[in-house]
Amino acid sequence: MNISIPKLSLILRPFLLSLFLSVSALTFIASLTPHHRRITVTSQQPTKTPPISVANSTGDLRIRPGYSSYNAYIQHQLNKSLNPKLRQIWKTRDWDRKVRVFAQFFDSLRQRNHLFNTSKALSIGARVGQEVEALRRIGVSDSIGMDLVPCPPLVVKGDFHAQPFENETYDFEFSNVFDHALYPWKFIGEIERTLKGGGVCVLHVALSRRADKYSANDLYSVRPLVELFKESELVEVKKVDGFGLDTEVVFRKKRKSNLRVD
C-alpha cells in the first residue's frame, strides 16, 4: 500500500530551501576559522591573583596571575633570595664582575649629573649589596641597599611596596627589580615618597625580552612608567646591557613648587 506525502505549499518551499542554504554556508565558514581564534575564558587556567592587580594591568604593563595572597607572592620571592647556592654565587663568583659593571653604570650617571658623591643613595632589591659596593667605590659613600633578606652591612631589610624609610630621605634611588613588583604603582609610589624633591630615580628594565619566573609583571614600553611616576618627569631613556635588562629610564622628582595640582 503506497502512502503519499502531501506536497509542500509553494510559499513554504522557498523558505525551507533558503534556510537549508544559510545553515550550510555558516557551517562551511566556521570550518575555515583558525582554531587559535576560538578562545574562551574557560580554556584559561583560573587566576588567583588579587583583583586589584588584574584591574590595574594595561596593554604595556601586565600583572602576572597566580598568587593566592600577598604572603604567597612574598614567599615566592624569598625562594630566590634565600637560595643558599645563589647567595654563595652572588657573594663570590659574580661579585667582582657585577660590582665592576654597576660602577660603570653609576659613574656614567654621575658624568650626566644624575648622581653626585654627596648624594644619599638607595639601591632597591639589592640582594647581597653589589650595587651598594659599586656606589661606594666610585665615591658615593652615603649609600645603602634594601631587600626582603638583609645582608649587613650593605643591605637592610625592607619591602619595596612599603619602604621602611621616612619621606624625602634619598637624593638618588636605583633599582633593577621593577619586574618583581606585584603592585607597580605601590613600588613607584614608595620611590616618590622617599625621594627628595629634585632627586633622581633610575630604573633598569627589560622591554625587548620577557623576564624570569620570579617576575610579577611584564613591561612592554616606557609609557606605563611615565604614567606611574606622577610626581616626577622623564629625563632620559637609553639602551643598556644590564644583566638581561636592556633599557635605562631616568626620572627626576619635581620640587614641591613645580608639582601639578589636578
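How much of the protein chain do buried residues make up? Buried residues make up 44% of its 262 residues, where buried means under 20% relative accessible area, exposed means over 50%, and partly exposed lies in between (1.4 Å probe, protein chains only). The model is predicted, so to speak of local features a pLDDT of at least 70 is needed, side-chain atom pairs count only at pLDDT 80 or more, and totals for chains, interfaces and linings use all residues. Residues are numbered from 1 along each chain as its sequence is written, and side-chain values use heavy atoms, with hydrogens and water left out.

**View 1. The whole chain, as a place to start.** Among contacts between residues at least 6 apart in sequence, 64% join residues at least 24 apart; contact means heavy atoms within 4.5 Å.

**View 2. Strand 5 and its two partners.** Strand 2 (residues 121-124) runs parallel to strand 5 and is joined to it by four bridges; two strands pair if DSSP finds at least two bridges between them. Within this pairing, Leu122 stands opposite Glu173. Strand 6 (residues 195-205) also pairs with strand 5 in the parallel sense, over five bridges, and Tyr170 has Leu195 as its bridge partner there.

**View 3. A crossover through helix 7.** Follow the chain from strand 5 through helix 7 (residues 184-194) to strand 6, and you have traced a right-handed β-α-β unit. Right-handed means that, with the strands pointing away from the viewer, the path from the first strand over the helix to the second runs clockwise. Lys186 lies in helix 7 and is partly exposed, with a relative accessible area of 40%. Not counting residues up to four places away in sequence, Lys186 touches Phe160 and His161. Its C-alpha atom is separated by 9.9 Å from that of Gln163, 23 residues apart along the chain.

**View 4. Phe229 under cover.** The loop between helix 8 (223-228) and strand 8 holds Phe229, a buried residue with a relative accessible area of 3%. Leaving aside neighbours within four places in sequence, Phe229 is in contact with Ile188, Ile191, Glu192, Cys201, Leu203 and Phe251. Phe229 and Ile188 are 41 residues apart in sequence, yet 6.5 Å apart in space, C-alpha to C-alpha.

**View 5. Helix 6 and what covers it.** In helix 6 (residues 130-137), the buried residues are Gln130, Glu131, Val132, Ala134 and Leu135. Their cover includes helix 4 (84-91), helix 5 (95-111), strand 2, strand 3 (143-147) and strand 5. After helix 6 comes Gly139, with a positive phi near 110°.

Notes. Helix = DSSP H or I, 4+ residues; strand = E, 2+ residues; numbered from the N terminus.
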